[in-house]
Every structure is written in structure tokens, then in C-alpha cells.
Amino acid sequence: MPVPDYQTLMLPVLQSTRQGERRISEVVEQLANEFSLTPQERSELLPSGRQSKFANRVHWAKTYLTKAGLLESTRRGHFALTQRGKELLANPPERIDREYLTRFPEFQEFVHGQKEAEEAASGRGSDFPPQAHEETRNLTPDEVMRQAHQELESTLAGDLLQRVRAASPAFFEVLVVRLLVAMGYGGESVVDMEKALVGGSGDGGVDGVIDQDPLGLDRIYLQAKRYAENNSVGPGAIRDFFGSLDRFKANKGLFLTTSDFTAQARQTAEMLSKRIVLVSGNQLARLMIRHGIGCRVEETLVIRSLDEEFFG
């Protein structure tokens with residue numbers, strides 16, 4: 001089964017404290033067993049790599065139950081039922097979710113504070129459409145942020161590709177070299193872009209050459225094709241590039257395009273005796289975003305969490 005959302009976990013988390021104080025890590029393990037999660041589902045990590053998705057959702061379920069006055073933190077990593085929580089479990093509902101928790105004034109105050117913070121941060125005010133909240137109601141706050149981040153990056157990647165495709169071939173070749181320098185290639189040898197660009201009538205089928213390491217012990221030969229979205233690179237272009245590498249006595253090359261590669265092109269690259277790495281338009285855009293080429297940081301959000309060591 002898929003990893004349950006944090007609202008589905010609310011009632012089980014509350015019920016786990018029937019016998020008294022519990023350690024959160026023990027509850028995570030107990031509920032993973034109760035929901036029969038597979039080893040893969042248990043170990044699926046958040047993008048940060050610091051916590052599993054399931055443990056994160058259990059923690060958020062506990063957080064919301066605490067905000068509603070049903071649970072309370074007792075000591076580091078431990079929690080227990082409040083009197084209100086005990087009364088609720090004496091006649092428990094079939095499900096506890098955010099809507100159910102709104103019957104408690106402490107939770108209403110908490111949610112109101114969240115909305116005010118969101119509106120102040122976004123500048124949208126009360127006109128923010130309610131359906132946006134409905135679409136993410138089963139996601140934890142950090143999952144909502146990560147989803148929004150992915151959507152923003154996906155949109156940016158599309159915008160970057162559109163602008164690169166509209167630029168000249170010469171601009172694209174310069175962009176590729178700048179990207180590789182930002183990734184750590186070239187070392188001190190690429191002070192001037194013209195040193196790495198060899199495109200032209202006598203380029204021998206190679207658009208650029210860049211050192212793989214700062215000492216220039218090995219070199220990478222580049223081919224950059226600025227193609228339209230629906231014009232994929234075929235196996236013929238890969239074989240031509242292979243021939244160019246042979247003429248330069250090179251043993252590795254990098255083929256980049258603003259479109260994509262056909263299955264036959266990828267198969268050809270795998271079968272050839274020289275190492276040829278293929279970078280599609282989507283991969284190119286993601287690399288540009290990661291290394292800050294053609295884009296800039298608009299805003300930095302710092303996410304802080306409770307430091308248990310401080311209170312230990």
C-alpha cells in the first residue's frame with residue numbers, strides 16, 4: 001500500500017498512547033508494522049535525505065494532535081495523552097483529520113495563525129483561492145513546499161529551454177561552455193570562452209573543447225545541437241560525432257541538445273567504443289538551474305526545526 005498521508009495517521013498516533021507515554025521513534029516503527037509497509041516504503045526518504053517520508057508524516061500527525069490539545073510533549077522525543085485526548089479515546093471517531101480538529105479552539109487559533117502567515121508571505125490576502133488548499137490538504141507543510149518548489153523549477157526549466165531555442169547557435173555553444181565551467185570543468189584554462197569554442201567551418205565536427213581537470217590532463221570534446229522540441233537527434237548525428245572524436249584522437253565526448261535523443265541514438269551511443277554522454281534539453285535545463293546559468297535566486301526561505309539538543 002502507499003505510504004499513508006498524515007491525516008490518516010492522526011487517529012493511530014493518538015491510539016498508540018493509550019498505555020501511557022510513548023517515544024516517537026517507537027510509534028513510527030509500530031505504525032509501519034500496523035500499516036504493513038514494505039522495506040522500500042519504510043526507507044523512502046524525503047528529498048533532504050534526512051528523514052523517511054513515513055516518519056515525517058507521523059511527526060506531523062503528532063504535531064497537529066498536539067496543537068489541538070490532544071497530546072502533549074513530556075520530555076525529549078516523548079509524548080503522552082492529555083485529559084482531552086483520554087476523553088476522546090473513550091469514544092473515538094472513525095477518523096481524525098484537520099476538519100475534525102477544528103472543533104478545538106486551540107487548533108482553530110493555530111490554523112488562523114498559519115493562514116495569516118501565508119497571506120503575509122505571499123501578499124495574496126484573503127483573495128487566495130480555497131481550492132488550492134483543497135488540492136494539498138493531505139500533504140504535510142514541508143511536502144507542500146517541496147511540491148511548490150518542483151512546480152516552480154519545472155516552469156523555469158520550460159522557460160529556459162524556450163529562450164535557448166530562440167537564441168543563436170553561437171549563443172548556445174557559449175552557454176554550454178559556461179555551464180561546464182560552472183560545474184567545475186575547465187579549471188584555469190577557460191578564462192576566455194573563445195579558447196574553448198572551436199565551432200566554424202573548420203571545426204571538424206566539434207563545437208568545443210574543454211579540460212576535464214584543472215591541469216588539463218584530459219579533454220572533453222563537445223557537440224551542441226540547438227534543435228526544436230519535436231526534432232530529436234538521431235543515430236546518424238551520434239555516428240558523425242564519433243567520427244569527429246576519432247579524427248581528434250579523443251576518447252570521450254559530450255553531446256548536448258535542446259530537444260531529445262531517439263532510442264536508436266541512445267543505443268548507438270552505448271554501443272560505440274568511445275564514451276559519449278548524451279544530455280537532452282530537459283537535463284540541460286535542470287543543470288542550468290542547479291548551477292545558476294541563465295537564472296538567479298529570487299528568494300531564499302530558511303526552514304527551522306526544534307533543536308532537541310538545546311532542551312536536553
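**Close-up 1. What covers the buried residues of helix 13 in this predicted model.** Helix 13 itself runs through residues 263–271, and its buried residues are A265, T268 and A269. These residues span an arc of only 100° around the axis, so they lie on the same side of helix 13.

**Close-up 2. Helix 9 meets helix 14.** Two packed helices are described by the angle between their axes and the distance between the axes. Here, the axes of helix 9 (residues 141–166) and helix 14 (residues 281–290) come within 9 Å and cross at roughly 110°. The two helices are therefore roughly perpendicular to each other. On the helix 9 side, the contact is made by E153, S154, L156, A157, L160, L161 and V164, while helix 14 brings G281, N282, A285, R286, M288 and I289. Sorted by class, this contact has eight nonpolar, three polar and two charged residues.

**Close-up 3. F172 and the residues it touches.** Look for F172 in helix 10, which covers residues 169–182. F172 counts as buried because its relative accessibility is 0%. Leaving aside residues up to four places away in sequence, F172 touches V164, A224, K225, R226, L256, T257, T258 and L284. One of these partners, A224, is 52 residues from F172 along the chain, and the C-alpha atoms of the two are separated by 7.3 Å.

Definitions and conventions: Residues numbered from 1 in each chain as written. Predicted model: local features only at pLDDT ≥ 70, side-chain atom pairs only at ≥ 80, totals over all residues. Heavy atoms only, no water. Axes fitted to C-alpha atoms, helices over the stretch in contact; angles between N-to-C directions. Helix = DSSP H or I, 4+ residues; strand = E, 2+ residues; numbered from the N terminus. Parallel < 35°, antiparallel > 145°, perpendicular 65-115°, else oblique. Contact = heavy atoms within 4.5 Å. Nonpolar A, V, L, I, M, F, W, Y, C, P; charged D, E, K, R; others polar. Buried < 20%, exposed > 50% of the residue type's maximum accessible area, 1.4 Å probe, protein only. Arc of directions from axis to C-beta.
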